[in-house]
Each structure stands twice: as structure tokens, then as C-alpha cells.
Amino acid sequence: MSNLPANLRYTESHEWVLDNGDGTVTLGITDHAQQALGDVVFVELPDVGRTLESGGELGVIESVKAASDLYAPLAGEIVEANTALEDAPETVNESPYDKGWIAKLKPSNIEAINDLLDADAYAKVAEQDD
Amino acid sequence: MSELNKTPLYALHVELGGKMVPFAGYEMPVQFPLGVKKEHEHTRSACGLFDVSHMGQLLIKGPDPAAALETLVSADIVGLEVGMQRYALFTGDEGGILDDLMVVRGEGHLYLVVNAACRDQDLAHLRVGLGQDYHVETLDRGLLALQGPRAADVMKRVCPEACDMVFMQHGRFTLAGFPVWISRSGYTGEDGFEISVEKDDTDGLARRLLDEPEVEAIGLGARDSLRLEAGLCLYGHDIDTTTTPVEAGLIWAVGKARRHGGERVGGFPGADLILHQIDARDHDRKRVGLVAEGRAPVREGTELFDEEGHRIGEVTSGSFGPTVGKPVAMGYVSVAHAEAGNRVFAEVRGKRLPMTVARMPFVTPGYYRG
């Protein structure tokens with residue numbers, strides 16, 4: 001079973017969200033998602049300053065096998081992208097919850113994070129996916 | 001949707017943790033726990049074992065089967081020596097490609113390996129084309145490919161006689177007690193062997209080969225990236241009924257004896273058009289290799305443009321090439337843009353990404369020619 005930190009929130013499309021406590025969130029893809037994708041060879045990062053709807057297309061992760069879309073877990077503005085992934089996309093596989101983060105977002109409504117899945121609820125989603 | 005077929009190695013794939021996907025009507029492993037990239041790298045540096053039992057194995061018997069098959073394929077089969085294998089194309093009346101295949105010349109028979117998705121159609125095509133004097137049958141056998149620079153080291157231990165063969169040679173052997181047919185060939189760009197084995201022996205043979213320390217089980221994902229780096233076509237993607245052998249850069253699959261000035265000119269479907277294209281070189285498009293300047297993989301179906309923004313072609317296969325270390329692709333572009341070193345632009349998610357036309361194969365082949 002993949003690793004699911006309890007302090008994170010999750011989406012059905014396999015993103016994780018961390019509340020940074022300063023009005024921003026950090027997001028990435030789950031350990032389950034990186035395992036399913038296989039070796040990540042390219043991450044198309046969102047442009048800083050871009051405003052997204054909840055569920056809007058935020059970027060793309062490409063593995064050797066295929067391309068997968070990334071979706072915004074919350075509506076808001078991109079405030080930072082993890083440009084280290086441009087040269088080292090495999091970091092998403094090696095450290096999905098830490099060095100492999102994708103972007104930081106300033107949600108228009110931070111409270112909406114409470115509507116996302118907790119680790120137990122996401123575990124059920126990931127299980128059905130297998 | 002009809003139920004998917006299983007190869008004789010289905011249970012082994014599941015046991016090894018293979019991720020099973022539908023492919024050409026079969027349930028096949030796309031990858032094992034090692035993952036596509038490491039499986040690819042392992043095959044390039046050591047030795048990979050591939051289940052290709054889904055491919056069609058056909059036997060043709062009848063009077064002078066080599067001359068008969070030449071009525072359907074553009075290759076020189078009459079000139080093929082007994083015990084040798086050759087790449088061939090079933091051509092259509094319009095000059096397109098109906099399937100690509102391997103032909104082995106045996107004593108009084110031909111042994112063919114065809115694509116899984118084309119097998120039934122090829123069988124019907126052969127039966128109609130060759131007529132009732134010929135017996136064409138599908139062999140219910142397993143087929144394994146042992147590929148990589150260490151494949152011969154493995155073979156030396158289990159069937160040393162097979163190591164005397166050079167690239168594209170074929171013979172019958174006993175491998176670790178199993179009666180097998182082996183050819184020194186493959187579809188990865190590496191030295192290696194393709195081993196046809198009785199259906200009930202397939203699992204035992206695969207387990208015996210996997211016992212060797214160099215050998216890892218490899219899935220379809222790595223098979224695709226390996227053949228792409230080797231510049232080899234995937235039927236239904238890089239070649240099909242709409243592409244001619246000349247457009248596809250497969251003129252070498254039209255035997256010299258079958259071309260103008262040869263001993264047996266034409267005589268295969270679409271020969272007029274294909275031989276005209278070989279002489280006149282007036283075809284509009286050509287299959288080329290492409291290497292991306294950036295890191296984003298450029299996939300099948302991506303449109304290609306020139307510097308001025310005119311559409312010049314389309315990608316037919318594309319992935320990240322683990323050995324090349326860059327995204328690689330093949331596709332068709334107008335002949336004016338097909339020269340190696342030429343810059344083209346691939347439209348990926350609204351952006352025009354620069355790519356360079358490159359010679360194929362993208363990697364140096366390791367074929368053993370003695």
C-alpha cells in the first residue's frame with residue numbers, strides 16, 4: 001500500500017494538498033499516482049500568476065508510457081511552481097510529498113480545503129483504482 | 001467486446017507482478033515491477049526476456065513456396081537461403097503495406113511471424129493469394145525474445161550451438177531439454193534470439209531463462225521504447241495501408257531482384273506504383289526520425305510544422321527514449337523537410353516545440369554479424 005500522510009488532503013484525481021497556514025497551499029501528486037504513472041520524464045508546470053477554477057487543468061505529467069493531466073484541487077492563483085522539476089522530473093517519483101511538489105496556489109477560498117478527501121477517504125479511492 | 005486471449009505465459013506474468021493490459025486481442029504485461037525505464041535500460045545493458053507469443057506463427061507448405069510467397073510480398077524470398085530469415089512486407093494493390101513480417105526459409109516450407117492484430121487477415125490473404133495447392137496453417141506455439149548484449153552469454157549456457165548463428169540465421173535446437181526453433185534476431189536493436197517453443201513448454205522455458213542472473217522479464221512498454229530507439233516500425237502506427245514502402249523508408253524490404261533491372265521484376269501487389277516510386281523518387285512524404293530539443297515527449301498524432309508555420313506532417317510514434325536521454329519520435333514529413341539536421345516544430349498542447357530530423361536508428365545496433 002502506498003504512503004498517505006494524514007496531514008494532507010486529497011482529490012479523486014490523485015493530487016495532494018498541504019495547507020501552508022499562510023493563505024497558500026502546496027500541491028503535488030500522490031505516491032499512488034506516481035507509482036501508477038511510472039517513471040516521470042517531464043512535468044509541464046503552470047505559469048505563476050495564472051488563475052484557475054477548481055478542477056481546471058493545471059499542468060501535465062508525462063511518464064515514459066503516457067501523458068496525464070493535473071487538475072487544480074481548489075480555485076485560486078498559482079503563486080509558485082517547482083522549477084527544479086524541469087531538470088529533474090524523476091523527483092516526482094522519488095519524493096512525491098516533499099521535493100516532488102508541483103506548485104503553490106493561493107486559494108480564493110481556503111475553507112474549501114475542508115471539502116477535499118482525507119487520507120482514509122482517499123485510500124478507498126486509490127484502492128478502487130488498482 | 002469479446003474475451004481477451006491469454007498467452008501460455010499469462011500465469012507467469014501475473015506471478016511476476018506484471019501489469020496486464022489489452023493488446024491486439026491479448027492480455028499482455030505492459031510492465032513489471034521494475035518499471036518501463038529500468039526494463040528498457042536493463043535490456044540495453046544486460047538481457048531482457050519478452051513474451052511475444054501473441055504474434056502469429058504461420059507455416060506454408062506446397063510446391064516451391066518461396067516463389068509462391070513472392071506473389072504477395074516485395075522481398076526476395078527465392079534468393080533467401082535455407083536456414084535464413086528476412087524482413088518482408090505484404091503489399092496492397094495501391095502500394096500500401098498490409099502487414100510487416102519475418103519469413104524463414106526451411107526445407108520445403110516457409111515459416112512466417114506476423115503481427116498479432118493482422119494474423120487472421122494475413123492467413124486469409126495467404127490462403128486466397130496462394131490458392132489451394134498450398135497449405136497455410138497457424139501454429140499454436142509460444143514465442144519468446146531474449147534480447148540484449150548479454151543474451152549470447154545466457155544462450156552459451158543453455159544452448160551453445162545457437163551462438164554459432166549470426167544475425168537473421170535460424171535453426172532447430174534443444175534448449176535446456178526443450179525442442180525449440182531459434183533465430184538470431186529481435187526488435188530491440190540489440191543482439192538476441194527469438195525462440196519458438198511448443199505451447200506447453202513455453203512456461204517452463206521462460207522460467208528456465210529467468211533463472212539466469214542476467215535475465216529480467218520485460219513488458220510491452222519497454223518493448224515499444226526499445227524498438228522506437230532502434231528505428232523499427234510498429235505496424236498500424238508507423239506503417240499501414242496508406243503508406244508505401246518507399247514513403248516508409250523501407251526500400252530495402254523490396255528485394256533488388258524484384259526491382260527494375262532485377263531477375264524477377266515486380267510480381268507483387270502494388271508493384272507498378274512501388275517500383276515507380278523507387279525509380280522516380282517523386283513521393284510526397286517520407287518517414288523520418290525526430291529528436292526533441294526540449295524534454296517534453298512528443299506523442300503519436302502530434303502535428304508537425306515548418307519554421308513558417310505550414311503543416312508538414314505528423315508524428316506516428318513518440319516517447320521518451322531512455323537510452324538517448326531525450327524524447328524521440330518518428331513520423332512522416334513532406335520530402336522537402338526530410339533531410340537530417342532539418343528543424344521542425346511539433347505542436348504539443350498549443351506550443352510549438354522544436355525538433356531536429358535525425359538519422360535512425362537513434363542508438364547503435366548490437367546485431368551480431370560474426
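Q: Which residues of helix α8 (residues 271-280) of chain B are buried?
A: In this predicted model, the buried ones in α8(B) are B:Ala271, B:Ile274, B:Leu275, B:Gln277 and B:Ile278.

Q: Why can the buried residues of α8(B) be said to line one face of the helix?
A: Look down the axis of α8(B): the buried residues fall within an arc of 155°, so they line one face.

Q: What covers the buried residues of α8(B)?
A: The cover includes β5 (85-91) of chain B. As for what comes just after α8(B), B:Arg281 takes a positive phi there, about 50°.

Q: Where is A:His14 found, and what is it in contact with?
A: A:His14 is in the loop between β1 (9-10) and β2 (15-19) of chain A. Leaving aside neighbours within four places in sequence, its contacts are A:Gly28, A:Ile29, A:Thr30, A:His32, A:Ala33, A:Tyr122, A:Val125 and A:Asp129. As for the backbone, A:His14 has a positive phi of about 75° although it is not a glycine.

Q: What makes B:Met168 count as buried?
A: Again, buried means under 20% relative accessible area. B:Met168 comes in at 14%, so it counts as buried. You'll find B:Met168 in the loop between α5 (151-158) and β10 (170-175) of chain B. B:Met168 also has a positive phi, about 75°, although it is not a glycine.

Q: Why is the meeting of A:Glu44 and B:Arg349 called a salt bridge?
A: The rule wants a side-chain nitrogen of Lys or Arg within 4 Å of a carboxyl oxygen of Asp or Glu. The side chains of A:Glu44 and B:Arg349 meet at 3.2 Å, N to O, so the pair qualifies.

Q: How many salt bridges does the rule find across the interface of chain B and chain A, and how many residue pairs are in polar contact?
A: The rule finds four salt bridges across that interface. The count of residue pairs in polar contact between chain B and chain A is nine, with both residues at pLDDT 80 or more.

Q: Which elements of chain B supply at least two residues each to the side that touches chain A?
A: Those are β2 (26-31), α2 (36-45) and β16 (311-321) of chain B. α2(B) gives the most to that side, with three residues. The residues of the side of chain B that touches chain A divide into five nonpolar, three polar and seven charged.

Q: How many residues are in contact between the chains, and what area is buried?
A: On the chain B side, 15 residues are in contact with 15 residues of chain A. The area buried between the two chains is about 1400 Å², and carbon and sulfur atoms give 48% of that. In chain B, the residues that lose the most area to chain A are B:Arg295, B:Arg299 and B:Arg349, together 44% of what that side buries.

Q: What makes the peptide bond from B:Met360 to B:Pro361 stand as cis or trans?
A: Omega is near 0° for this bond, and the bond is cis. B:Pro361 has its place in the segment after β19 (351-358) of chain B.

Notes: Residues are numbered from 1 along each chain as its sequence is written. Chains are lettered from A and ligands numbered from 1 in the order in which they are written. This is a predicted model: local features need pLDDT of at least 70, side-chain atom pairs count only at pLDDT 80 or more; totals for chains, interfaces and linings use all residues. Side-chain values use heavy atoms; hydrogens and water are left out. Contact means heavy atoms within 4.5 Å. Buried area is the accessible area (1.4 Å probe) that two parts lose on being put together, summed over both. A polar contact is a pair of N or O atoms within 3.5 Å; within protein, one must be able to donate a hydrogen and the other to accept it, and residues adjacent in sequence count only if both atoms are side-chain atoms. Helices (H or I, at least four residues) and strands (E, at least two) are DSSP runs, numbered from the N terminus. Ala, Val, Leu, Ile, Met, Phe, Trp, Tyr, Cys and Pro count as nonpolar, Asp, Glu, Lys and Arg as charged, and the others, Gly among them, as polar. Buried means under 20% relative accessible area, exposed over 50%, partly exposed in between (1.4 Å probe, protein chains only). The arc is that of the directions from the helix axis to the C-beta atoms.
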